[in-house]
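The structure comes first, and the notes follow it.

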Amino acid sequence: MRNEYVPVIGLETHVELLTKTKIFCSCENRFGAEPNTLCCPVCMGLPGTLPSLNKKAVEYAVRAGLALGCKVATVSGFDRKNYFYPDLPKGYQITQHFTPICSGGSLETPEGAVRIARLHLEEDAGKLFHNREDATLIDFNRCGAPLVEIVTYPDITSPSQAADYISALRQVMLFCRVSDVKMNEGSLRIDANISLRRPGEPFGTKVEIKNINSIKFMEKALAYEIERQTALLESGGVVMTETRRFDEKSGKTEPMRTKESAEDYGYFPDPDLEPLLLSDEYIEGLRLTLPQMPEELKSRFISDYALSNEAASRLVDSPDIAELFLKSAAGLDNTAAGLAANLINSSPAEAVTVRPERLGRLAEMLNSEEITFTVAKTLLSELSSSDFDPAQAAKERNLTAIRGEELKKLAKEAVKASRKAVRAYLGGKKTAVMAVVGAVMKASGGRADAEKARELIIEIIENESGGDSDS
Ligand SMILES: [Zn+2]
């Protein structure tokens, strides 16, 4: 086999923190407000103003760092990154260049661990709108929004591993409750570095793809770069150090500018901000507040409740869902807990607003066959808008499952009324029985168990025909 090029990928992820106010002023930190309504002289960068550090932003950065296995610095500081751009009214961004608050951590992906070099705090810039022909508009609301930037080592070797890393990172940030990580609102943005090399050779020249706002686009952009750089290298060309952007329409990356080096930014410590000093007690105190992380919880769901890998994975999509399951499954046996998981996964958005004990009760009722899954889903949906006792409601509204003789009677009637389907079934078209099941479900108003009804119907048909339909 030929000596193929191997991609070397590193990711820088900007995660916006969910603090109520901005990082250096008391303006509200919120997405979606009327443009330029959440600004003050500090975040507008007016002369003579002084930044004052938001403690909550520090707390969130430390929680995020601890969750990623980072070491938290007891001394760090803030620096100015100087550059001119219309969305940055101060002419510099306050970041942590020389001493990040967190460093050294890692995140597991199915293809291997990805080491994290650093996690640092910084402020966001404003937002430019280029969608008008005659002007570019600026919204300063995002100026000074708190961010953590998480930088990996170039450990990633494929676009799919990059995607797995970002998915895992999103979940960790969600479970720490430090960010809503909504990529469509810009709460999580990715810069990807990529170069190619043959195994054993030194690193090649890297290209940076800026500001990617979806995992799918990141995968496409990286795949495109692998193709582009391979073609370039194989034809004897040279990869240029540059910043590129991904065009969603063409699926290609295109050059933005040649990459600035660190010197271009003229970094220096911000004289307006004191060093950030954190005590070991403070750091350890925050470590104690960390919840179980998604991977841990998933394994726990599988081992403690015998859930399938798929059901457990879906329950850790969000911390609220995971918590709901844990609370509602408390005291249930594994079968009932599995039913609670199915119920939650069938409609997570509704389930998350229901009290856990109500969900647990629904799972118990399902487990004892008092109600069918259809009825349980209806009750769940109703419970998401008003609270009531589901057992009592099922009784009062006659929603309890139709079983035994009553179900047999319905099945017999349905067989009698569906001669065509029965003949088709006896003629070898086994799926025809579902029409009869449908009739039972309709007659029962969803209160019959479809699988039980199917078994009964087949039994009735085969008895009627002398039990020789299979011969
Ligand atoms: Zn402000």
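Two residues are in contact if their C-beta atoms, placed from the backbone, lie within 7 Å. The packing described below for the buried residues of helix H11 rests on this definition. The model is predicted.

**Domains**

The domain assignment of the protein chain gives three entries: domain 1 covers 6-282, domain 2 covers 292-396 and domain 3 covers 404-464. Taken over C-alpha atoms, the centres of domain 1 and domain 3 lie 60 Å apart.

**Helix H11 and its partners**

Helix H11 runs over residues 373-383, and Val375, Ala376, Leu379, Leu380 and Leu383 are its buried residues. Because these residues cover an arc of only 140° around the axis, they are on the same side of H11. The partners against which they pack are helix H8 (334-346), helix H9 (348-351), helix H10 (356-367) and helix H12 (390-396).

**The crossing of H8 and H10**

Two packed helices are described by the angle between their axes and the distance between the axes. For H8 and H10, the axes come within 8 Å and cross at roughly 115°. This crossing of H8 and H10 is right-handed. On the H8 side, the contact is made by Thr335, Ala336, Leu339, Ala340, Leu343 and Ile344. On the H10 side, Leu359, Gly360, Leu362, Ala363, Glu364, Leu366 and Asn367 take part. Sorted by class, the contact of H8 with H10 has nine nonpolar, three polar and one charged residues.

Leu332 is placed in the loop between helix H7 (319-329) and H8. With neighbours within four places in sequence left aside, Leu332 is in contact with Ala337, Ala340, Gly360, Ala363 and Glu364. Leu332 and Ala363 are 31 residues apart along the chain, and their C-alpha atoms are separated by 8.4 Å.

**Helix H14**

In helix H14 (residues 419-426), Ala421, Val422 and Tyr425 are buried. Seen down the axis of H14, these buried residues fall within an arc of 100°, so they line one face of the helix. Arg419 and Lys420, on the other side of H14, are exposed. The buried residues of H14 pack against helix H13 (404-417), helix H15 (433-444) and helix H16 (450-464). Gly428 follows H14 and has a positive phi, near 115°.

Where does Arg177 sit? Arg177 is in the loop between helix H2 (159-176) and strand E11 (188-197). Its phi is near 55°, a positive value in a residue other than glycine. Val181 is in the loop between H2 and E11 as well, and its phi is near 40°, again positive in a residue other than glycine.

Lys220 belongs to helix H3 (residues 215-234). Lys220 and Pro159 are 61 residues apart in sequence, while the C-alpha to C-alpha separation is 7.8 Å.

**Partly exposed residues**

| Residue | Other C-beta atoms within 10 Å | Class |
|---|---|---|
| Arg177 | 15 C-beta atoms | partly exposed |
| Val181 | 19 C-beta atoms | partly exposed |
| Lys220 | 18 C-beta atoms | partly exposed |
| Leu332 | 19 C-beta atoms | partly exposed |

Conventions: Residues numbered from 1 in each chain as written. Predicted model: local features only at pLDDT ≥ 70, side-chain atom pairs only at ≥ 80, totals over all residues. Domains from an automatic or database assignment. Buried ≥ 20, exposed ≤ 12 C-beta atoms within 10 Å, placed from the backbone. Helix = DSSP H or I, 4+ residues; strand = E, 2+ residues; numbered from the N terminus. Arc of directions from axis to C-beta. Axes fitted to C-alpha atoms, helices over the stretch in contact; angles between N-to-C directions. Left-handed = near helix turned anticlockwise from the far one by under 90°. Nonpolar A, V, L, I, M, F, W, Y, C, P; charged D, E, K, R; others polar.
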